[in-house]
Amino acid sequence: MTSSVQTPDPNPGWLSEFALAETRTRVPILYVEAVPVRVDTLGQIEHIGVLLRTSPSNGEITRTLVSGRVLHNEPIRDALQRNIEKDLGPSAFPRLPSTLVPVTVAEYFPFPGMSPALHDSRQHAVALVYVVPVTGECNPRQDALELTWLTPEEALAPSLLNDMEGGRGQLLKQALAWSGAIV
């Protein structure tokens, strides 16, 4: 078993790290993913936040989105809030969506080629993806090393999209299209 470079979860919810690793080999795990954005007074996206972090699957430094598990008995809205705070800090002040209908549902498989673009070598995972405006000060925490704010045009650069962890560049592109930031 490879060693983890992640910050240990202080509240693992329902499984120990060992049990989680075992469960990941047997059942899909539910995640939430957030595309943090800064919006103007009309609600149009001005900037997109992209994290720099160490990949839990291979230890490489990569770009990614806010992401995390939904814990046992945790409402999705609470999981979204908790994971945004975990990655962006308690002063990010996210404006969570009024509805829990995601922008898209992403499915990650442990073997390349099973999904058109999404891959997570640790597990089969399903993620609910949201665009979440943040209004406060963002300070990356835990295993997030840096947060970079990009314009929609910068975020759509093929070099960035292709380098995002696990195919998340495709999710970023879908989120920007859904929000009307690109046509």
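Trainee: Where is the place of Asp-120?
Mentor: Asp-120 sits in the loop between strand S5 (104-108) and S6. Strands are DSSP runs (E, at least two residues) and helices are too (H or I, at least four), numbered from the N terminus. Before we go on, note that this is a predicted model, where local features need pLDDT of at least 70, side-chain atom pairs count only at pLDDT 80 or more, and totals for chains, interfaces and linings use all residues. Residues are numbered from 1 along each chain as its sequence is written, and side-chain values use heavy atoms, with hydrogens and water left out.

Trainee: Why does Asp-120 count as buried?
Mentor: Buried means under 20% relative accessible area, exposed means over 50%, and partly exposed is in between (1.4 Å probe, protein chains only). Asp-120 has 8% relative accessibility, so Asp-120 counts as buried.

Trainee: What makes a polar contact between the side chains of Asp-120 and Arg-122?
Mentor: A polar contact is a pair of N or O atoms within 3.5 Å; within protein, one must be able to donate a hydrogen and the other to accept it, and residues adjacent in sequence count only if both atoms are side-chain atoms. The two side chains make such a contact at 2.8 Å.

Trainee: How do you know that the side chains of Arg-53 and Asp-87 meet in a salt bridge?
Mentor: A salt bridge needs a side-chain nitrogen of Lys or Arg within 4 Å of a carboxyl oxygen of Asp or Glu. For Arg-53 and Asp-87, the N to O distance is 2.8 Å, and they meet in a salt bridge. Arg-53 belongs to strand S2 (residues 45-54) and Asp-87 to helix H2 (residues 76-88), so the pair ties together parts that are 34 residues apart in sequence.

Trainee: Are these two buried or exposed?
Mentor: Arg-53 has a relative accessible area of 6%, so Arg-53 is buried. Asp-87, at 0% relative accessibility, counts as buried. Asp-87 also meets Lys-86 in a salt bridge (3.1 Å, N to O), and Lys-86 is buried.

Trainee: Why does Arg-82 count as partly exposed?
Mentor: Its relative accessibility is 24%, so Arg-82 falls in the partly exposed class. The side chain of Arg-82 meets that of Glu-74 in a salt bridge (2.7 Å, N to O). Glu-74 is at 16% relative accessibility, and therefore counts as buried.

Trainee: How many salt bridges does the structure hold?
Mentor: There are seven. A network of salt bridges links Glu-33, Glu-165 and Arg-168.
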